Amino acid sequence: MEVKGATFTRWTRLALSGQVVLLVGLVLAAVLLVIQVSESPDLRVRADFSESRSGSLDPATASLLRQLPSRAEVDVFFRSEPELDVAMGDAFSRAKQLFALVEDVSGGMVSVRYHDANDLARSRARLAELRVDPEELVTNGWVLAACVVRVGERRTILRFFPDMGSIVDGDAARGEVPRLVDWRGEEAFAEALGRVSGDRSPKLVFVQGNGEATETPGDDGGVGGLMQLLQLEGFEVVVWEPARRPRVPEGADVVVLPGTSRPFPASVEETLRAFVDDGGRLFATSSGGAYDGDGGLGSLLASFGARLLPGVACEEYFDPSFGDWFEGDPRCADLTILPDGLASGHPVTEPLREFGRTLRFRGSQTFDRGEVPRDGTSVDLVRSSGSAWRDIYELGGVPDHRREPGREEVGRQTLGVALEWPGTERKARVVALGTTLALTKDLEHDRDLVVNAFDWLTDRDYRVRVAPKDPFEARIEKRTSALAAAVVRSAWLGVPGACALVGLVLVFLRRR
């Protein structure tokens with residue numbers, strides 16, 4: 001066949017067909033290469049051109065993910081609540097977007113699993129594997145929306161509310177429903193991951209033998225529950241009986257005095273003072289009637305600048321049955337600490353204050369400022385409301401929970417202090433609380449305060465500052481949206497199919 005002077009032979013047609021097949025093959029290979037590169041974290045280059053930078057992680061978070069010592073696991077437990085459908089749905093959607101991005105950026109170092117908390121059998125089985133009590137995931141006694149972040153044997157709990165965000169109440173009369181505000185999911189997640197991914201476990205030494213709370217579970221007045229909690233948070237926990245071994249155990253980071261009520265031998269008191277002065281850390285609580293003589297908890301704390309005062313903090317109790325306030329009731333010593341009673345700016349209390357947390361202090365002794373070692377600072381961590389008074393009674397006696405005008409003045413009472421000063425080797429730090437019940441029966445209420453205190457004492461108060469992002473974010477979720485699926489289908493089938501169609505058209509035209 002001849003066309004305008006050109007002669008098409010069988011070999012010419014085969015050559016043209018081969019060129020088309022080769023072109024299609026090259027295009028297909030290019031598409032496969034692009035897809036392979038996009039699926040490989042090591043070869044991927046990420047660029048976020050959104051105005052709010054909502055499609056990428058903050059550099060601080062990305063750096064933390066790159067430095068993970070081992071694989072991290074995130075288990076998300078979520079149960080829908082009809083009263084909070086809008087707010088919780090918004091929070092869950094944002095959390096899924098965050099974790100999809102975290103999985104993608106981490107290059108396989110972070111895996112996320114979602115659990116429907118309504119499926120009790122499966123959820124409880126997984127919680128048992130993680131050694132987590134379901135009550136630890138609950139906020140305000142009923143909202144269950146939380147994550148368990150684990151690296152190796154260390155784990156910590158991150159609750160949607162108030163750790164990752166806050167909910168403001170709606171107004172039914174105006175048709176307003178509760179909504180999510182102040183979302184800080186990335187920052188909270190990075191902080192949680194930082195706490196459990198350190199290269200060592202700080203060593204906490206619990207003292208026994210001087211009237212301290214025992215190692216039994218918290219409901220029985222012991223600190224066993226706290227010890228288990230701290231172990232799961234990544235701390236090493238040991239027990240020290242000074243009467244048997246006068247020296248502080250080797251490698252101790254913090255010595256814990258949970259309600260010491262009897263005096264120490266003189267040698268032990270000097271050992272404790274020397275330990276702290278060298279840059280050691282001390283955590284102490286009062287049992288409500290601490291021995292204040294030489295060698296007691298009171299004299300030890302006074303040498304660091306915290307004077308433990310006699311009596312317990314009380315305020316009038318409101319009885320809903322009578323609709324009035326009363327004195328002389330044991331419940332006067334049960335204090336609710338509001339956010340404005342927590343120190344602003346201190347690593348132990350600022351996170352709680354920031355998210356409106358409340359604490360429970362029962363039968364708490366109070367503190368007065370003494371003389372802090374040179375160049376040191378003293379911070380009133382926890383304070384009562386302005387309507388409280390210090391109910392004074394004889395040591396060994398029973399408070400009457402009634403205010404005596406002229407002797408027991410009304411005003412804010414200091415219930416917890418934090419001290420810091422330059423030690424011989426590093427900064428010396430002390431945290432003292434006026435009640436041991438915060439470590440035992442009230443641990444559920446005061447858990448975050450206690451864990452924050454140990455984090456600060458061991459330099460684990462991990463804080464990541466993430467730039468705020470536009471709350472109205474729009475992202476394509478990885479492998480889930482219809483648009484993403486359409487893009488994938490086009491890459492696999494559309495481009496090669498279009499090339500093949502063009503080739504067939506060319507062959508047909510040239511044969512004419």
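The structure is a predicted model, in which local features need pLDDT of at least 70 and side-chain atom pairs count only at pLDDT 80 or more, whereas totals for chains, interfaces and linings use all residues. Residues are numbered from 1 along each chain as its sequence is written, and side-chain values use heavy atoms, with hydrogens and water left out.

The protein chain contains twelve helices and 24 strands. These elements are DSSP runs numbered from the N terminus, with helices (H or I) of at least four residues and strands (E) of at least two. Of the 512 residues in the chain, 46% are buried. Here, buried means under 20% relative accessible area, exposed means over 50%, and partly exposed lies in between, for a 1.4 Å probe and protein chains only. Among contacts in the chain with a separation of 6 or more, 72% are accounted for by residues 24 or more positions apart; a contact means heavy atoms within 4.5 Å.

Helix packing was examined next. Two packed helices are described by the angle between their axes and the distance between the axes. The axes are lines fitted to C-alpha atoms, for helices over the stretch in contact, and the angles run from 0 to 180 degrees between N-to-C directions. Helix H2 (residues 59–66) and helix H6 (residues 185–196) have axes that come within 10 Å and cross at roughly 30°. The two helices are therefore roughly parallel to each other, given that angles under 35 degrees count as roughly parallel, over 145 as roughly antiparallel, 65 to 115 as roughly perpendicular and the rest as oblique. The crossing of H2 and H6 is left-handed, a term used if the near helix is turned anticlockwise from the far one by less than a right angle, with right-handed used if clockwise. On the H2 side the contact is made by Thr61, Leu64 and Leu65, and on the H6 side by Glu186, Ala190, Leu193 and Gly194. By class, this contact of H2 with H6 comprises four nonpolar, two polar and one charged residues. In this classification Ala, Val, Leu, Ile, Met, Phe, Trp, Tyr, Cys and Pro are nonpolar, Asp, Glu, Lys and Arg are charged, and the others, Gly among them, are polar.

Helix H6 also packs with helix H3 (residues 85–106), at an angle of about 50° and with the axes 10 Å apart. That angle makes H3 oblique to H6. The crossing of H3 and H6 is right-handed. Leu98, Phe99 and Val102 of H3 meet Gly185, Glu186 and Phe189 of H6. The residues of this contact of H3 with H6 divide into four nonpolar, one polar and one charged.

The interior was described through nonpolar cores, each a set of buried Ala, Val, Leu, Ile, Met, Phe, Trp, Tyr and Cys residues joined through side-chain atoms within 4.5 Å. The largest nonpolar core has 38 residues, of which Phe206, Phe283, Val382, Val431 and Phe454 touch the most other members. Helix H11 (residues 443–457) gives the most to this core, with eight residues. Apart from this core lies another, of 34 residues, among them Leu84, Cys147, Phe189 and Ala192. Val382 is in contact with residues including Ile337, Leu342, Leu359, Phe361 and Leu449, when its neighbours within four places in sequence are left aside.

Several individual residues were also considered. Ser378 is found in strand E21 (residues 377–383) and, at 15% relative accessibility, counts as buried. With its neighbours within four places in sequence left aside, Ser378 is in contact with Arg369, Val372, Ala418 and Leu419. By contrast, Glu425 is exposed, with a relative accessible area of 71%. Glu425 is located in the loop between strand E23 (414–422) and strand E24 (427–433). Although Glu425 and Gly279 are 146 residues apart in sequence, their C-alpha atoms are 5.5 Å apart in space.

Gln231, in helix H7 (residues 224–232), is partly exposed, with a relative accessible area of 42%. Asp459 occupies the loop between H11 and helix H12 (482–511) and is partly exposed at 44% relative accessibility. Phi of Asp459 is near 60°, a positive value in a residue other than glycine. Arg131, in the loop between helix H4 (120–130) and strand E5 (138–139), likewise has a positive phi, near 60°.
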